[in-house]
Amino acid sequence: MGRWEPNARGRLEQAAMELYGERGYEQTTVTEIAKRAGLTERTFFRHYADKREVLFAGSAVLRERLVSGLAEAPPTAPPMDAVAAGLQAASAVFDERHAQARQRQRIITANPELRERELVKLASLAAAMGEALRARGVSEPAASLAAEAGIAVFKVAFERWIDTTGVRGMGSFILEGLAGLESLMAGGRP
């Protein structure tokens, strides 16, 4: 493939995922990723700050979906209902990428540095949701608690979703997680 061909970002992502799967994350270099994609290192660095960011480039889209979904909830919605709206809006990002999400998670799970980066991403998402809740007039500590609970539901739902064949959408796992949390908080058993 020539450098002039379209979808450089997608080709870089595909090449990186293939190489991470074949050789492991730590053993793969940016040079190898660019070469596999038929591109230059310079092109790689135009799209990604480093090889780790190939795995986390979708964080901005996920954050935007969470926050906008939360903000679009009815103004009278309780905090957890607004969080649920944000989680449902974000779940759509995943449904068409089940195989990629599963592969990405295997790579992250196998590498301590990437697991740490994933935790930072989740904390950042919780902070963004907390900020969006405060913008809706939710006071502390309710805003932070609802945001953190939402991210816990998201994390558990995601882990359950990637362990399936992808027939059910991630949104259904989020709904189950929210129902389980509600039951747990009411003193029942989820």
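Let's start with Gln 88. Setting aside residues up to four places away in sequence, Gln 88 touches Gly 171, Ile 174 and Leu 175. Contact here means heavy atoms within 4.5 Å.

Some ground rules. This is a predicted model, where local features need pLDDT of at least 70 and side-chain atom pairs count only at pLDDT 80 or more, while totals for chains, interfaces and linings use all residues. Residues are numbered from 1 along each chain as its sequence is written, and side-chain values use heavy atoms, with hydrogens and water left out.

Back to Gln 88. The residue sits in helix α6. Helices are DSSP runs of H or I with at least four residues, strands are runs of E with at least two, and numbering goes from the N terminus. Gln 88 counts as partly exposed, because its relative accessibility is 28%. The scale is simple: buried is under 20% relative accessible area, exposed is over 50%, partly exposed is in between, with a 1.4 Å probe and protein chains only. Now take Gln 88 and Leu 175. They are 87 residues apart in sequence, yet their C-alpha atoms are 8.2 Å apart in space.

Stay on α6. Ser 91 is found in that helix too. Buried or exposed, for Ser 91? Ser 91 is buried, because its relative accessible area is 4%. Beyond its neighbours within four places in sequence, Ser 91 is in contact with Met 170, Gly 171 and Ile 174.

Now zoom out. The protein has ten helices and zero strands. Its C-alpha trace spans about 55 × 30 × 30 Å along the principal axes. There are 190 residues, and 41% of them count as buried. Take the contacts with a separation of 6 or more: 64% of them join residues 24 or more positions apart.

Leu 70 lies in helix α5. Leu 70 counts as buried because its relative accessible area is 0%. Its contacts, leaving aside neighbours within four places, include Ala 82, Val 83, Ala 85 and Gly 86. Met 129, Ala 132, Leu 133 and Arg 136 are also among them. Ala 142 is 72 residues away along the chain from Leu 70, and the two C-alpha atoms are separated by 15 Å.

The peptide bond from Glu 140 to Pro 141 is cis, with omega near 5 degrees. Pro 141 is in the loop between α8 and α9.

On to the rings. How many aromatic pairs does the structure hold? The structure holds eight. One is Phe 94 with Trp 161: edge-to-face, 6.0 Å centre to centre, 70 degrees between the planes. Phe 94 is in helix α6 and Trp 161 in helix α9, so the pair ties together parts 67 residues apart in sequence. The cut-offs: ring centres of Phe, Tyr and Trp (its six-membered ring) within 6.5 Å, planes under 30 degrees apart for stacked, over 60 for edge-to-face, the rest tilted. Phe 94 and Trp 161 are both buried.

Arg 117 lies over the face of Phe 56, 4.6 Å from the ring centre. The test is NZ of Lys or CZ of Arg within 6 Å of the ring centre and within 35 degrees of the ring normal.

Last, the pockets. A pocket is an open set of points on a 1 Å grid over the protein atoms alone, where a 1.4 Å probe fits, with protein on both sides within 12 Å along at least five of seven lines; lining residues have an atom within 4 Å of a point. The largest pocket has a volume of about 470 Å³. Its lining has 22 residues, and Leu 55, Ala 57, Gly 58, Arg 97 and Arg 104 lie nearest its centre. Helices giving at least two lining residues each include α1 (8-23), α6 (79-95) and α9 (142-162).

The second largest pocket holds about 240 Å³ of space. Which helix gives the largest share of that lining? That is α10, with five residues. α6 also supplies at least two. The lining includes Met 80, Asp 81, Ala 149 and Met 185.

Conventions: Grid points are joined across faces, edges and corners, and a volume is the space filled by probe spheres set on the points.
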